[in-house]
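The following note concerns side-chain packing and aromatic contacts. Please read it alongside the sequence and the coordinates.

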Amino acid sequence: MAGKCLQVISFVAALLGCVPACTNSPSRNCNAAGSIPVTELVDPTITKDTVSLLDVKLCESLAAQTQQSTGPIVATSNKNHRPYNILVLSGGGAYGAYTAGVLAGWTESGTRPEFDVVTGVSTGALVATLAFLGPDWDDELKRFYTTISDKDIYARKSDLAALLSDSFRESKPLAKLIEAVVDANLLRHITSQHAQGRRLYVGTTHLDARRLVVWDMGEIASRGRPEDLKLFQTVLLASASIPGYFPPIPINVEVDGKEVEELHVDGGVTASVFFRPPQVSRQERRRLGHRPLEGSNIYTIVAGKLYADPGCVERKLIPIAADSITALLYAKCRSDLFQLYALALSTGMNYRVTALPADMDVPRDATSFDPKVMSWLYDIGRKQARSGSHWRDSPPGMQPGEEVPVRGGTKLTVGTRRPDAGKDEPTVERVTRAK
């Protein structure tokens, strides 16, 4: 029932988006677009006669117990253990230019490792393919993410044609762009690295099953048949096909001798980021002991911010639906990042994540491919990576300004809450903000 309701809402939203608005939305006295973050609006009236049974920042204490305070985790259970390096790339449309810049700056810093595993979804799948091959392909990544424009990614449809079809834009230009980059020569390089034990994985969303599917791209490349090159290109296109914006990509599979069609769309629908472990021989696995990933590194690059920029929502159907979906997608990404953090804690891996700075004014539309803007995003990532200051070792929600605000009423003040305050002590430390 809920699914049918969403379909009706989507149809009405699309229909309304094709015609001019006939009425003005009511004006609002909104703080979100102002200078006061929601995490600094606290309720000073909440009583403090009880204490919490659990510290909501439990992961900080877990990390302190698990990780050495003097530096990264090192393998202790097996002195001959070689740490593995896993690179995880998110989607983000045009923000993929930031990811490409981070990789280039990382190379220039002289600290970029060779990755044993690379995973990616959406635009991250395109970056992952070249990142997997190493720094020699940085120039190709730069060209891809600093010179393309809208016409290289999609073709426009009329509003009526879009409403009666399966997407608002046509992705044939993107398909041609992928075919120009991913050729037989690139697949030979992928095959060579796959034979050495390294792995490249791309995620798509199997729309019929409503589930994530992970494709072993090195395995596909290694088969060496013409149809495998086409499949490789098709998977990348499917992973970058934003549902509704681009058409779903049909992929024919054979099930017990019977050919059936599957529809695949953007992998970011079902996983903002995903992890796959390194692959080793059975003999090597036994040698590594009970903590084979201890001391290894999981690096995650988010193509965008961890939290959406605030702004006053216009009281109309389309803006309300769009901003709600935006909030949902950002929350999903943070949840997936937290899952990676929990995995790192449990396995003894070092967790590192980077994203666009929260205070940076960036375009909100990730489907606008402006070479000037993308070159700027690329330079931001490159400069951050060269300085080495871009990594954080905590998940979203653990740093100042990322707290979840708790309220007991509507009379608020600007300040920060003191969770350790005694019964007779003030629970709020007031903050004076410059006007």
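Are Tyr154 and Tyr245 buried or exposed?

1. Tyr154 is buried, as is Tyr245; buried means under 20% relative accessible area, exposed over 50%, and partly exposed in between (1.4 Å probe, protein chains only). This is a predicted model, in which local features need pLDDT of at least 70, side-chain atom pairs count only at pLDDT 80 or more, and totals for chains, interfaces and linings use all residues. Residues are numbered from 1 along each chain as its sequence is written, and side-chain values use heavy atoms, with hydrogens and water left out.

2. The whole structure contains 10 aromatic pairs (rings of Phe, Tyr and Trp, the last by its six-membered ring, with centres within 6.5 Å; planes under 30 degrees apart are stacked, over 60 edge-to-face, the rest tilted). Tyr154 and Tyr245 form an edge-to-face pair, with 5.7 Å centre to centre and 90° between the planes. The ring centres of Tyr245 and Phe246 are 5.2 Å apart and their planes lie at 65°, so this pair is edge-to-face. Phe246 is buried, like Tyr245.

3. One aromatic cluster is formed by Trp106, Phe115, Tyr299 and Trp391.

4. Two arginines place their charged ends over rings: Arg198 over Phe132, 4.3 Å from the ring centre, and Arg276 over Tyr201, 5.6 Å from the ring centre. The criterion is NZ of Lys or CZ of Arg within 6 Å of the ring centre and within 35 degrees of the ring normal.

5. Tyr145 is in contact (heavy atoms within 4.5 Å) with residues beyond four places in sequence, including Gly93, Thr123 and Met374.
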